[in-house]
Each structure stands twice: as C-alpha cells, then as structure tokens.
Amino acid sequence: MKPAFSVLFFTVTSGIGYGLLMWLVGMQLVSGSVASATEVDVNNFLIMGFVGLTLATLGLLSSTLHLANPKNAWRAFSRFRTSWLSREGVFSLLYYPIILTYAFLVYLNGGELNSLSQIIGALSVLVALSVVICTGMIYASLKPIRQWHNPLVTPLYLLFSFTSGALLYVSMYAGLENEVPRSITILFLVLLVVSFISKMLYFRSIGKPDGATIGSATGFSQAHVRLLDAGHNADTFLTKEFVFDAGAMKLLRLRYLMIILAFVAPLSLVIAAMAWDIAPAIFLAMLSLYSGLFLERWLFFAEARHVVRLYHGDQRA
Amino acid sequence: MKLGLVIDLDTCVGCHACATACKQWNTSGTIGPLSDQSPYGQDPNGSWLNRIRTFEVNQANTSTALVDNSKSASCGSHTFDLHALATQGESALAGVGSNGSPASKTVHMPMSCMQCEEADCVTVCPTGASYKREEDGIVLVDQDKCMGCNLCSWACPYGARELDEEQGVMKKCTLCVDRIYDQNLPESERKPACVLSCPTSSRVFGDFDDPTSEVSKLTVERAGQALMPELGYKPTNRYLPPREKGEVAAMVKTNEPALSKLKKWANRMIAR
Amino acid sequence: MNHQIDSLPEFENHAEQETKFTTCYMCACRCGIKVTTEGNEVRFIQGNPNHPINKGVLCAKGNSGIMKQRSPAKLSKPLLRKPGTERGAGEFEEISWDEALDILTKRLKNIRATDPKKLAFFTGRDQMQALTGFWASQFGTINWAAHGGFCSVNMAAAGLYTTGHSFWEFGDPDWGLTKYFMMWGVAEDHASNPIKIGLKKLKERGAKFVAVNPVRTGYQAIADEWIAVRPGTDGMLALAMVHVLLQHDLFDDEFLVRYTNSPRLVVNTPGQVGDGLFLRNGDCQPLVYDQQSNAFVDGNRVDISPALFGDYTAPDGRPVRTVMSMLADKYLVDEYSPKKASKICGVPADTIERLALEIAHVAFKESITIDCEWTDWAGRKQTQFIGRPVSMHAMRGISAHSNGFQTCRAIHLLQVMLGTIDCPGGHLAKPPFPKHIPPNLKPARDMAPNTPLSSAPLGFPTAPEDLCIDGDGKPLRIDKAYSWDAPIAAHGLMHMVISNAVKGDPYEIDTLMLFMANMAWNSSMNTANTMAMLREKKEDGEYKIPFIVNSDAFHSEMVNYSDLVLPDTTFLERFDTISMLDRPISEPDAACDSIRQPIIEIDRDVRSWQEVLVDLAGRLDFPAFKTEQGGNKYESYKDFIINYERAPGIGFLAGWRGKDGDQHLCGEPNPKQWDAYIANECFFEYKLEPGQRYYRHANKDYLELAKKAHWVGSTDQILIEVYSEPLQKFRLAGQGLYDGPMPNNEQHKKRLTEHFDPLPYFYMPLEQQRIDKSEYRFHAVTQRPMFMYHSWDSQNAWLRQITSQNYLYMNRQECLGMGIADESWVWVESHNGKIRAQVKHMDGVESNTVWTWNAIAKAPGAWGLEKNANESKDAFLLNHLISELLPPKQSFADITNSDPVTGQAAWYDLCVKITPAADGETGAWPQFEQVQPLPNQGPSPKEISYTTHENVNLKRSFKDILTRGKK
Ligand SMILES: Nc1nc2c(c(=O)[nH]1)N[C@H]1C(S)=C(S)[C@@H](COP(=O)(O)OP(=O)(O)OC[C@H]3O[C@@H](n4cnc5c(=O)[nH]c(N)nc54)[C@H](O)[C@@H]3O)O[C@H]1N2
Ligand SMILES: Nc1nc2c(c(=O)[nH]1)N[C@H]1C(S)=C(S)[C@@H](COP(=O)(O)OP(=O)(O)OC[C@H]3O[C@@H](n4cnc5c(=O)[nH]c(N)nc54)[C@H](O)[C@@H]3O)O[C@H]1N2
Ligand code: SF4
Ligand code: SF4
Ligand code: SF4
Ligand code: SF4
Ligand code: SF4
Ligand SMILES: [Mo]
C-alpha cells in the first residue's frame, strides 16, 4: 500500500494524543486524585491534557486531508453499525464533550475526583480506547490485505498508543516537574518490551506465505500464472493506490532502523534517564520513539500488499 | 434476486469490447461521468468499471510456481485447474515441443464488480454511500453521499472500485441498473452494456437465485468458479473455466510406404 | 429484466433522445449500429441486432465512437501548404473549399489533357473502391489502386486463381456446421465481429479449433490446439499435410473429378514450348482421359468419367499426365514429408501427421448431408448437399510473406483435396463470389488525354500478354504492377508508389492523390526514408513528387506531408455506400450491402470525399458524369449513387431498385432508394434460396441468379483450379519458352521460373534468402490489436488508455538465455535499419519470433496528442526496419520486397537481431521532429468528463443508511 503522509501522521499523532490522555485520566482514576496519581498539579494536568487533545485533533484533521470529496465528510458518522471508520469518527467526536467535561469537573474540584468525574473519566478512557481500537480495526478488518488482516494489528495499535502516550507523559512530566516519574516510566518500559515482542511476532506472522495467490485469484491453482497484460498502459487508480514497491532489502533495513528507533534506543535512553536521572535523555527517547513509530507506520503500509496487486503482475516470477 | 454475470473464459478473446461498452454507457449513465485524465497526453488514465487482464497459464512450470501456490491449491473444490488440460495436453498444448515454446495457454480475464454477497466494500463504507440493494443484490455507490475516502476500494479484493479523480467519488460497476430495468428499452436490450456488446457472448447476465436462469444453469453445467473464494466475499459473478477438448478421432494410417513413384494409383469410375 | 421496480428514477429522458441506424466505420468490418443521440451529442452506440454482419454486438473500437467524434485531431478546413515553406514543416494556411477545388481542378485538368498517368491516385482503408476506381478510369489514369497490394492481395489472388472465392472478405467458414476449424495467421481480420461470433458458435458446438500462429493471443488464446509455426513456413506445413493425405489415399476423388481441373491432362515436355500447358482439342478445350470411352475427350463434357490419375501419350505424340498424377508425384517426395517439414516449420512431425489424419477423419468419416433439392451446373437434379465439415481461414500471417500466394494456394489445396469448398461445414463463398477463375477482367493499359480508360485499372492477367508493360518490357504503371516484377498484382503495389515516383522509375509523376492512407507513417515500409523521399527535390528545386493531395479526416502524419489537404467528415457525419460492386458485406447465405447516413450535424468546414469526387468529376468533365448537353449529370453523391448504372439495372446499391423500389439486385434506379435503406436500418439483405446456398461454383440456380445480378458473366461451371495454367504461362515466359512477351533480364527470368509454379510449393521467404539467418535470428511480425485500427485510434481518449505504448514481445526462455530482462530496452536491427524498443517476456510465442502491436507509435504532435505522449516517446514502429526493396544481391537490380507473383508487400518476412540496450538507453529510437499544430488548432483537453446529460443518481435513503445492519 502506498504510505500516505496524512494517514501516517494521523495514526501516529492521534495514537500518542489518546495514549497520553488515557494515562492522565487512568492514573487519576486509579489513585483518586490528580496530584496523588500523576504527581502533577491541576494546571500542569490541564496543559498536558491540552497537548494530548491537540495531538488527537491534529491527527483527526489530517485524516480528512486525503478525502477526495471532503464536503461529505460529515456523513462518515452515519454507518456506525458496520463501519470501523464510522465508529472511529463517532467515538472521536464523542470524546470531546466527555474529556472536556471531565477536565472541567477536575478543575472545578481542584484536582480531586468525585464519583461523577470518576464515571466520566472512566468513560473517557473507554472512548479513547475505542477510538484507538477502531483505528486498528479499520486496518485489521481489511481481508484483502493480509498484513493488516492480522490479530496482532489492533493490539499493536493499542500498545503503541499506550507506549507513546506514556513516554510523552513522562517527558512532559520531566519537563514540567523536572524529574522522572518512576512508576509510569517502569510501566512504559514494560509496555515497550511487550510491544517489541508483539511486533516481532507480527513480523513473523506476516512473513509466512499465506492468503490469496494468483492461483486462487484466477482460478488456475495447479499451474504457474503470469500476468501478460493488465489491460492498460499507464497507472490507474488501482496501481497508484495499491502498488508500492520499496524493495525487499530496503524494507529489511528500515525494519532494523525502526527497531532501533522505536525500541532499542528509547529503552536504553529511558533506563539511562532513570538510572542516572538525566531528564534530557527522556526527550531524546521520545524523539527516537516517535520517529520510530512513523517508520513503523510507514512500514505497516509499505509492507502491506493488497491482493489486487495479483492482477497487476505481482506474481511475476 | 441475486443478479450478476457469468463470464466464459473458454471463449473470451480479450477484445476489450465489454470494457469500452461499459465506459460509453456509464459515462452518461447514473454514476456518470467517468472522467479521464491526460486523455491526449502522457500516461492517459481514467475511471473504468470493467477491465480486461491477460494471463499466461503455464502447466510446464508448476515447479517454479510461487511457494504459496500449494496453499490455495488446497482449497481444491473452489478452483478449477489446468491440470487436466495439460495432461490431455497432446491436444491442448501440443505443437510446441520441438521449437522450445513452453506449454502455455493465454487466458483473458475481464473483471468488473462481483456483486459480492459478503461485500466488505459496503460494510466498511462510513458514509453509507456504498450499499447493496436488497431487491437484487446490486452493489452501488450513491454518488451524492460518497466522501472519497477510498476505504471501500481497499476492502475490495477484485479491484472493482476506482475513484474518479475529477469528481472525487468512487465509481464501480452498476450492473447497468439504469438499463436492466428501463421499460423504455426493448426487452432484449434490458441487459448490461457489456453483455449486449460482447462479440463472443462470453458474458451472460441473470439471476443466480433462479435455478432456471441461464447464469445458474451455466454455473452448474460448466462448474462456474468464484475468484478468491477463500476471502469469504461470496462473489456472485462466476467464471466458466476453459473447456477441455477431448481427443479428435484421426484416420487410421495405411501401412503403405508410399514412396512417390512406386505408388500405384487406382482410378475410380466417377461420372462427372 | 421484466420487474418493474417502482422505486427507480427515470434514468434516461428518452423523449429527448433520438435513435438512428447507420454503419460503423471504426474499421472496415462495417457493422450495423444503432446510435442514440441527445442534441448533437452521441449518448450511446450499440450493435444493430438485425444486422447481418454483427448481429447486435460491437467491438472495442465501435464502442468508442464517441471519442472518435470528439477527437481533437479532426480537421476542420481545407489546408494549403504555405507557399515558400518546406513540405513536412507543417506550415499550412486555411483556404476555402472553392479555392481548394479550383487549385485542384486546374492542376488535374492540365494533367488529364496532357498525360493522364501523371496523376497517381491511391487509396488506403477505402470502402468505396468501386467509386474511386471508376473515378480514376474516367480520369484516364491507370495509376490507381487501393491498399490491397500492401494488405492481402495474396489471399485474394490465391483464392481467385484457385477456388473463385477466397479468404479475406470473400468467404467464411461455415460457422454453424463446421466440426474442425483451422485458422492460419489471423489476429483480428476484417471480419472482426463475425469471426468472434463464429468462434463462439463453433466452440459451443464442441467443434475443434486449431490455431496456426507463432503467437498465442486473442483468437489463438481460445483455440483447442495451438500450433506455434515458424513465420513464413506455413506452406511447408500445409504441403506436408497434403503429403500425409496422399500417402494414405485420403482425398475426395469425386469432388476432384467433378469440380476441379485435377483430371485434366498436362503436357509433359520439359524444356519445350508448350510444356506444362493443358492438352487441348481443336476448339481449344482442355482434354481429359475418359475411362468410359478410353479416349481423350473435352473435359467440360457431362457424360464422361475422367481418369484422375494417369500418364498417357497424346494423339500428337506428346507425353501427358493428369494434374493429379503430377500432384501426387510432387508432394510425395521426402522433401514434403512431415519429418523434413518439421525441421523447417518447427511443428513436430507427429503433430503434422496427426493434424492431417484428423481433418481427413472429420471430412470423410464425419461428413454431413443436407437434404435439399438443387440443380447442378449441368442441369442435373440433386437431392442433397454433401458436407465435409472441415474449414479453414487464413489471413495476413500467410499473405504478408513473399511466399504468401503459394502458401495460400497450398492451404486451398488442402481444402480442395478434402472437398470442403462451398459445401456444408466447409469454407463458404459470399456473394458476389465465387467468380470464374480468374475473374474475367484485364487490367487497363492504354491511356489517352481526356479519355476514360476502356476498362478498370485493375484486373486479373492470365498470360504475359495481359501485362501492363511496353514493347521493351518496361512497366507502364507507376507502382510497376502487372510488370515482370509482379505480374499478377491484382491490387497494385501501393507500397512502391512513393519510392518509384521519387526515383522517376519508370517515370515521373505530377500529382499524388491519396485518400485515407497514412503513407508518411505506418502504412509505408521504411518510414523514415519515405518521409525523406517525400521531401526530396530535383535540381530545379521542385519536389520530385511535385504535388501531394490528401483527403483525410484527422491530423495524421500524412497530412503533415501534403500540399493540399481536403478535410473529410467523420463516419457519423456522412452518407456513404458499401456496395456489392466492391467488397460486399454479404454473408454466405445472403447478398448484402449497406449505407451510412449522417447522425451528427457537421460543425466544421469539411466535406465527404465521395461528395468531393463527384463534384470534381463534374468539374473535370468526366463523360459518365455529364449530360449530353454538357451539364452535370449528378447533383450530389447521393444522386450519383441512385442514378448511376454500371450496366442497365446494376448500380451501387442492390436493394429496392426499380421505379417503385420493388426490385432487388437488378432494376431501374429508384429515386427513393436512400429512404428505403434508411427505413430498413441502413442495410439490404437478399437471402438465397436453400438450394442456392452451396456448391455455388456448380449450382445452376445460383449461377443464374449471379448472372442476373452481374456477379458473374456466364452460368458456366466455375471449375476449381488445382493446377494453374496461367501461372505456367508466366513460368514458360521466364524459361524463354513462351510464344509471347518474355522478360529479358536474368532476375525476372529466375523469379518467373521459380515462383510461378502451377502447383503450390514452398520456398523460403525472399528476405531470408538474402540475409545471414544466423545473424538476423528472429522473425519480427506485427499483430492487429483488437481495440485499435491502424493509426486511427491513438486519438481516441478511451482506446489509447488500453495501449499507448507497444512492447516487443519475446519468448521468455530466449530472453533469459540472452540476458534480456522483462521490460528492459533492446536494440532491434534489420538489414535496413535499427530501432530501440522495450521488451516484454511472453511464454506463448514461438521462440524464434518477436512481435508487437501494429501502428501504435505516432509522430510527436500528430493526431492531437501532446508532444510527450507515450505513442511518440516510448512506442515504436517496426516499419523502420522493413525495406520496400529486397536486400541487395550481387548483379540483381533493386527489386520490390514483395511476393514475386502478386506484388503483395512482404511485411512479415522481416528478420532482426536483438541486443540489450546499454544502461540509460531508454525510450523509443529514432525520435522524429515535432509535427507543428495546424492553424487554429488549440491545445487538446487535459481532462475529459464526457456525458450527454446530468446523471440521475440512484439515491440511498438516509433511513436505510442509519438502520440497515450488515446485510
Ligand atoms: N482491430 C483491428 N482490426 C483490423 C485492423 C486493425 O488495424 N485493427 N486492420 C485490418 C486490416 S487492414 C487487415 S489487412 C486485417 C488483417 O487481419 P489479420 O490477418 O488478423 O492481420 P494481423 O494482425 O497482421 O495478423 C496476422 C497474424 O498472423 C500471425 N503470423 C505472422 N506471421 C505468420 C506466419 O508466418 N504464419 C502464421 N500462421 N501466422 C503468422 C501473427 O502472429 C498474427 O497473429 O485486419 C483488419 N482488421
Ligand atoms: N509494420 C506493419 N505495417 C503495416 C501493416 C502491418 O501489418 N505491419 N499492415 C499494412 C496493412 S495490411 C494496411 S491495410 C496498411 C493500412 O494503412 P492505411 O491504409 O494507411 O491505414 P491508416 O494509416 O490507419 O489510415 C489511413 C488514414 O485514414 C485516415 N482516415 C480515417 N478515417 C477517415 C475518414 O473518414 N476519411 C478520410 N478521408 N480519412 C480517414 C486516417 O486519419 C489515416 O491518416 O498498413 C500496412 N502497414
Ligand atoms: S467483450 Fe467478451 S470477448 Fe471481449 S473481452 Fe469482453 S468478455 Fe472477452
Ligand atoms: S467486487 Fe468489490 S466492489 Fe464489488 S461487491 Fe465485491 S467487494 Fe464490493
Ligand atoms: S470512498 Fe465513498 S463509497 Fe467508498 S468507502 Fe469512502 S465514502 Fe464509502
Ligand atoms: S454491468 Fe454495466 S457497469 Fe457493470 S461492467 Fe458491465 S457495462 Fe459496466
Ligand atoms: S468491427 Fe468494430 S470498428 Fe469495425 S465496423 Fe464493427 S463495430 Fe465498427
Ligand atoms: Mo490491410
């Protein structure tokens, strides 16, 4: 699949935004108050919340950039019943009143949670979770793309949202409060390792030959089938949309780079930051993780091969 | 009703008539226009609802086939195969041996929307622009509601959806819904444009729910196949595999050596 | 669908639509179409279900008529090359029709009054040769021909000199009854839709379809068996099959005795005058040996039983043998054995043998009979038609080789031996065919100022006396047709006109008038050189071809090289006639013709060429176009078509003749004839009676009808000529044994002696005989794409999306061996030149063959295309590699790269060597100068969104959107 910048930007950025917000609210819910859980004061909470929401919003806005007919974008909310994209739209919209109400309540109560704000907070976490799940499911539900139609895809979206949100949390915290928050940093590290393992499992899973072949695509399953002519000379919508070839070697190298940027470097930097209390290392880790995630998302597209490519010569021996 | 097409791979010569018939009908049809970019310049392209792909099918090279061929071969009952074609090969693939041409068969495969029963292109559409008509199963795009997100084209394994660049909305085969029900057309012409046009009558239109329809009968008689059944879309359209032509009787050879001058010719009394 | 679905909107406003019938001209197949218009725009073009040719279907081109009508390359006004500018520079000024016709009339009047042959008038994809040829003979020039000479005259001539009808457009396999069909070298053919309809029928019935072709695409893709023959060697394959048939006594002796000249006696006196001619009696009638009377008798007699085989001594003491005996001796030699043949044609010996035994089985063991009374040529009543259900069709894969005439005869010989000519299940003639063999029409030779020719320029020579040569043996025609170069050039040699005229060999001309021929590009051999020739000047600064007039409808490459351009209408804008006097649209069981009528109003200053010809004929005072008082006899083309009679009662249109329109085929002119055609959906179909449908070469009822309709001149039996005596006469001339004109140069003597074999034989194509085959290892051929017609369709926004660049398809294994990657660029070199092309790997191509689609490449800037269009950047023409002359051979003068018998251009004899291009060498080469835009030509649209009305969208209700679940 051709990696479209707007979509990469959307999924990474909104993932971070929702992740951050989930952490913020979640930690508060666990401990019952802003200060005790997050060790930040209300003002800083609001600043961090604002950053999270902005990221989520930016992501959403950028996702409308690739619409060819944006004047009908509002209609995207109407097929909640079947469409993950529609659901994502609905949840992401629903999120605003919920999270704003929560923030307002928290602000009103000076950082303390009451049962109403607890309910609303929990709801916000659920909705944010849903948004991220929907994003994952948009891809995971597409059977023609086996690299996406994979049980690990949605968990990975969630994991990356959690890890990237957590790291943003940590680094903002470090920026604002000038120290590294222990518990969440450790959680981050654990999640990063889990993400890493999941991603490796994912790579292994998509590396196995599977799915439709030119044999089943044409019905000639017992023979060797080659495309002779696609029926058109120039690129069509289909080839522009689905045929993207980065080259196997390049993809492999980028995978390694991605592993370093998204996992190895952040892990080492964060451990270093924790061990020696070097806050700036956290920022470096964040930078590394985010570029790693961009790369991860780029690979997610670049390595995805839509079955329609079979009809365009992908089976060429 | 379950309307759709049967396409006969045994007789399709890959002439592209159905593709251009489709283009001309539909560009002024219910989902028209179908725009064309760079029509007189470099790399001309536009939106089409039906395209003809040509494959070479080569039994001789099975061993070099893609690894994962084995996998789909296992969904045996869904796939017709050339195996038999190659083994009766004397006839289908002969005439090639000594000059080194491989045993290769060219197959033309016209592809338009399969009007799937489990049409994920519809499920994923967030706007509701894509839908499957309850009354006849035709999958359509309401041109006024589409936002051009392309998701449905991602969900379609058959490449049946193309975004119209100029109009920013998704186009796909309508099964010529604007012809097949048009009472103002003579009854014999209430057929999709591609079906009407096909010079080899390799496209047949009809109701798969009706066991007496031509499409149903052909599907049964000729083991009509669905493409990529393993994806579970339950495509309605069926492809009839190339026929296997049995051996043709040949005259029995006489044993005469028949060396030119030695041959003694007998004249029969034949009245002029 | 019958279901009235009330919820559906009114998609089409039928009240605002109009539906008319006419005839498609996106190619020469001439399908009937039904066109729906809205305003002056085309909504939809569909096949006319009642039409005999296409029966409702339409091809890819026909379906794209809208985009042809909207082509930005349409010419809009007469153009004159700006005085003082160079030809080919593309500097034109628009002039009025009056000016254009004045210029032309003045020039032509002068030529006609002085030396009419100085006008050479050649037409390309012309469907009105009856009119253009008639015009030329009224003008008085023999320098007229249509495209047949570079197209498929080999097929026409071989058929007309053998069976009286032919492949090409003059016959069809009996699609409904044939059980075994062999297709030789056909990719698309003129009968584009009919072949497709036929193949479907045939496959539905389970008949066997064998495709003989080096390439497996299109029709061959659906063949039951593919025979990957090596190009140029089909003659060997066919004759090896003949060998097998003879070897096992598998031939229809009754058919041969009754309907062919195979029992005739041939004088066997090698080296003497008269050798190889038929033994004749005092009345000049050929003799046979009658087994009843044991005597030599007139072979035309009814009451005899001729011996098919035998060696005799004639009463005058000369040894004679039957044709059949000669034939058996000729083909039973080892040279024609499957084993030997296999080495040449690449088809395994056992396959050759099996094919022969299969067709014999079908012909003799699976024969069919149709119970039907008919009367044979001798007046004897018969009760059934016997059918040998084997049929064949062949086209340019056979004809475009320099051995095509003899190869085609070899295929006919196979058919004749099996008795499958015009019988049920066999190969059927289409009226006005069959004709007597050959048709009784000699090429015109004598010219005089201001005088029409006494006959048509083209005809069918039967002996050296009929040639168009002067006393010294010098060609009289500019294309050297009917000279020793090409004695039976029944369609002329259009591909030689420019080359000969520029050399002044045999003489210089003044004006070259072209219609519908893109001679500056895809229809000439040696294209780059042809363009240079068109620009060549004499010492006095005048062009070697002083004046070029061209009728074209579009901005073709040829327009760019013309001095005066007369813009034509499109096929949807004009009246037109597809006449029985020309290439008929007939079906085997019906005589048919058709018309075109305007569907779209003309929005430019253009005129149909036919209209212009009739107008010019008046201006030039052609006798047939003038009343006795000196006025114009015909006020328009339509008027001419109705009223002109070639012979009493015979005109261009055969339907609804007679004052009241109630006579068919023959009758007085009918002033309302056009209306009658329009009322009948623009075609006329005259169904033959069941008893007239088969064995028409020997069917009295049919022959009587044919005579009445002037299709044939007599009701005599049309005797199939297995042995061609006319050829033998030319051969004798080559051997110096003829009592009449004989060539005096060695080259001609050799060509006649070798190639004018009265029985079909195989020889290596001429180019191959003169080059190093080990160096030029690959045969390079083109194929017609089903979705494009020659140069016509790159201007078509839809069709060019299918292919805007052609590739050189090569056998994949060969490529792997040579290190040529898929889609890499290669140099392709022939004895004549070099091009660069992009390769595609293919399995289904004979390993010594490379091929490409024909005529995709375009000169930059022509055809309304932008300068960076793929057609000019990446597409290539094989034509650059093909020379109009054979590779030089010591001591022999330049001679045409054509079949030595018919002058058919040998496009597919081309042999090439292929080498990978260096890194970075991409794009087609050579590249040509940009063609300048025409005056007032705007830029072509960057985007099209064609529609004739705002779409009526089928809405989905919001309720449904909100409430429907998954299903
Ligand atoms: N769509 C379309 N239709 C057309 C035309 C067009 O341009 N486009 N052109 C029209 C014209 S002018 C003509 S003349 C006809 C020609 O119609 P066809 O006879 O179909 O002409 P080609 O496309 O030249 O096809 C020749 C075939 O012969 C094969 N061939 C080449 N050499 C040999 C050989 O030595 N032996 C054998 N057995 N096969 C060989 C080639 O692979 C090819 O398949 O088509 C007419 N119809
Ligand atoms: N390499 C190679 N070359 C070949 C062949 C091949 O097989 N291989 N085939 C040869 C054969 S068989 C043929 S028949 C020739 C065909 O060659 P041509 O007969 O020259 O055919 P085109 O070049 O397609 O068309 C001739 C011209 O007709 C014009 N035209 C189109 N419609 C109209 C109209 O309505 N009115 C007028 N006045 N003009 C119109 C077009 O603009 C074009 O300039 O090509 C030959 N060239
Ligand atoms: S029109 Fe018929 S024969 Fe031609 S490509 Fe389409 S299905 Fe095949
Ligand atoms: S073929 Fe594609 S567009 Fe058509 S119904 Fe199936 S999934 Fe949808
Ligand atoms: S492109 Fe249009 S039809 Fe397709 S999913 Fe998006 S909104 Fe629906
Ligand atoms: S049914 Fe209609 S819309 Fe669909 S491919 Fe055929 S012509 Fe096109
Ligand atoms: S074959 Fe096609 S282009 Fe030719 S006349 Fe028929 S419909 Fe027209
Ligand atoms: Mo031709």
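Student: How much of chain B counts as buried?
Tutor: Of its 272 residues, 72% count as buried. Buried means under 20% relative accessible area, exposed over 50%, partly exposed in between, with a 1.4 Å probe and protein chains only. Before we go on: this is a predicted model, where local features need pLDDT of at least 70, side-chain atom pairs count only at pLDDT 80 or more, and totals for chains, interfaces and linings use all residues. Residues are numbered from 1 along each chain as its sequence is written, chains are lettered from A and ligands numbered from 1 in the order in which they are written, and side-chain values use heavy atoms, without hydrogens or water.

Student: Okay. What secondary structure does chain B have?
Tutor: Nine helices and 11 strands. These are DSSP runs numbered from the N terminus: helices are H or I with at least four residues, strands are E with at least two.

Student: How many residues of chain A are in contact with chain B?
Tutor: 64 residues of chain A are in contact with 69 of chain B. Contact means heavy atoms within 4.5 Å. The two chains bury about 5,500 Å² between them, 61% of it on carbon and sulfur atoms. That buried area is the accessible area, with a 1.4 Å probe, that two parts lose on being put together, summed over both.

Student: Which three residues of chain A supply more of its buried area than any other three?
Tutor: A:Phe220, A:Gln222 and A:His224, which supply 13% of the area that chain A buries against chain B.

Student: And where is A:Ala230?
Tutor: In the loop between β1 (224-229) and α9 (237-242) of chain A. A:Ala230 is buried, at 11% relative accessible area. Beyond its neighbours within four places in sequence, A:Ala230 touches A:Tyr311, A:His312, B:Ile52 and B:Arg53. A:His312 is 82 residues away along the chain, yet the two C-alpha atoms are separated by 5.8 Å.

Student: New topic: chain C. What order do the strands of its seven-stranded open sheet take?
Tutor: β5-β4-β23-β22-β21-β6-β7, with mixed pairing. Two strands pair if DSSP finds at least two bridges between them.

Student: Which strands stand at the edges?
Tutor: β5 (92-94) and β7 (144-145) of chain C. Each has a single partner strand, so one side of each is left without a neighbour in the sheet.

Student: How do β6 and β21 of chain C pair?
Tutor: In the parallel sense, over five bridges. C:Phe122 has C:Leu514 in β21(C) as its bridge partner. Helix α3 (residues 129-139) of chain C packs on this sheet too, touching β6, β7 and β21. Its direction makes about 175° with that of β6(C), where axes are lines fitted to C-alpha atoms, for helices over the stretch in contact, and angles run from 0 to 180 degrees between N-to-C directions.

Student: Is β31 of chain C mostly covered or exposed?
Tutor: Mostly covered: five of its five residues, 849-853, are buried. C:Thr849, C:Trp851 and C:Trp853 lie on one side, C:Val850 and C:Thr852 on the other.

Student: What pairs with β31(C) in the parallel sense?
Tutor: β27 (residues 778-783) of chain C, over five bridges. There, C:His779 stands opposite C:Thr849. β28 (residues 808-811) of chain C pairs with β31(C) in the antiparallel sense over two bridges. In that pairing C:Tyr809 is the bridge partner of C:Trp851.
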